[in-house]
Amino acid sequence: MPVVVLVSGSGTLLQALIDAASGSDYPVRIAAVGADRPCEGIERAARAGIPTFVCPPGDFADRGAWDVALAEHVSAAGPRFVVTAGFMRILGPATLGAQPVINTHPALLPSFPGAHGVRDALAYGVKVTGTTCHVVDAGVDTGPIIEQRVVTVDDDDTEESLHERIKVQERDLLVEMVARLAREGFAVEGRRVRIG
């Protein structure tokens, strides 16, 4: 099943998907990788022979025009769904309306949404945090939850040490859920995501 992956940075989540997709039994083909700026993630995709595109918001008159252009790039690759893997932009109605978009977040949503989920969880003093795979909607990390994994917070954790342990779970969760969604299909019913 073809998917498009959107990235903004180093592409470690993308690399986990590239590695999984290189196996003969993985049910997903990365049809294209897109970014909002030149980044290491785009370079990883190019090295793997995956088509890429860059669609910088600054090239457009407003967010709406950028969203339409991004949706056109994505749709040209013919994906069944889109995966945002460290993509740091809020998607608009054109992109969200074309096909489902899946994301992971380094916290147990609905707690600690936004760009600083790990830092915010640590500052709050929680004993467990983790990672969430969810369907993207128009909000910031507010979409229906697909699956979650828990990571224990150690007393001596720093933001960096905790984030590293979360990233291990986040990569595994993303690879597993993208495969399941591709193999079994899924439907969103209100706040619930039903797989199969």
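Leaving aside its neighbours within four places in sequence, which residues is Arg194 in contact with? In this predicted model, the answer is Gly185, Phe186, Ala187 and Glu189. Let us start with this arginine and then walk through the rest of the structure.

Arg194 is part of strand 9, which covers residues 192–195. With a relative accessible area of 43%, Arg194 is partly exposed. One of its contacts, Glu189, is also a salt-bridge partner: the side chains of Glu189 and Arg194 meet with N and O 2.7 Å apart. Glu189 counts as partly exposed too, at 44% relative accessibility.

Side chains of opposite charge can pair when their charged atoms come close. The count for this model comes to nine salt bridges. One of them joins Asp36 to Arg89, with the closest N and O atoms 2.8 Å apart. Asp36 sits in the loop between strand 2 (29–35) and helix 2 (40–47), while Arg89 sits in the loop between strand 4 (81–84) and helix 4 (93–98), so this bridge ties together parts that are 53 residues apart in sequence. The two partners can be told apart by their surroundings. Asp36 has 3% relative accessibility and counts as buried, because the cut-off for that word is under 20%. Arg89, at 37%, counts as partly exposed.

Another salt bridge brings together the side chains of Asp154 and Arg165, at 3.6 Å from N to O. Here Asp154 belongs to the loop between strand 7 (145–152) and helix 6, and Arg165 belongs to helix 6 itself, so the pair ties together parts that are 11 residues apart in sequence. Asp154 is partly exposed at 38%, and Arg165 is partly exposed at 29%. Asp157 joins in as well: Asp154, Asp157 and Arg165 are linked in a network of salt bridges.

Now turn to the open space in the model. Rolling a probe the size of a water molecule over the atoms shows where empty space is left. The largest pocket holds about 850 Å³ of space. It is lined by 37 residues, and the closest to its centre are Gly86, Phe87, Met88, Thr104 and Pro106. Which elements give two or more residues to this lining? They are helix 1 (12–21), strand 5 (101–105), helix 5 (117–124) and helix 6 (159–184). Sorted by class, the lining has 17 polar, 11 nonpolar and nine charged residues.

Which residues of helix 3 are buried? They are Trp66, Asp67, Ala69, Leu70, Ala71 and Val74. An α-helix has 3.6 residues a turn, so residues three or four places apart point the same way. The cover over the buried residues of helix 3 includes strand 1 (2–7), strand 3 (52–54), strand 4 and helix 4.

The peptide bond from Leu109 to Pro110 is cis, with omega near 10 degrees. Pro110 is in the loop between strand 5 and helix 5, and Phe112 lies in the loop between strand 5 and helix 5 too. Phe112 is not a glycine, yet its phi is positive, at about 55 degrees. Its relative accessible area is 17%, and Phe112 is buried. Asp141 also has a positive phi, near 60 degrees, in a residue other than glycine. You can find Asp141 in the loop between strand 6 (128–135) and strand 7. Asp141 is buried, with a relative accessible area of 15%.

Note on methods
Residues are numbered from 1 along each chain as its sequence is written. This is a predicted model: local features need pLDDT of at least 70, side-chain atom pairs count only at pLDDT 80 or more; totals for chains, interfaces and linings use all residues. Side-chain values use heavy atoms; hydrogens and water are left out. On a 1 Å grid over the protein atoms alone, a cavity is a set of points where a 1.4 Å probe fits but cannot get out, and a pocket is an open set with protein on both sides within 12 Å along at least five of seven lines; lining residues have an atom within 4 Å of a point. Grid points are joined across faces, edges and corners, and a volume is the space filled by probe spheres set on the points. Helices (H or I, at least four residues) and strands (E, at least two) are DSSP runs, numbered from the N terminus. Ala, Val, Leu, Ile, Met, Phe, Trp, Tyr, Cys and Pro count as nonpolar, Asp, Glu, Lys and Arg as charged, and the others, Gly among them, as polar. A salt bridge is a side-chain nitrogen of Lys or Arg within 4 Å of a carboxyl oxygen of Asp or Glu. Buried means under 20% relative accessible area, exposed over 50%, partly exposed in between (1.4 Å probe, protein chains only). Contact means heavy atoms within 4.5 Å.
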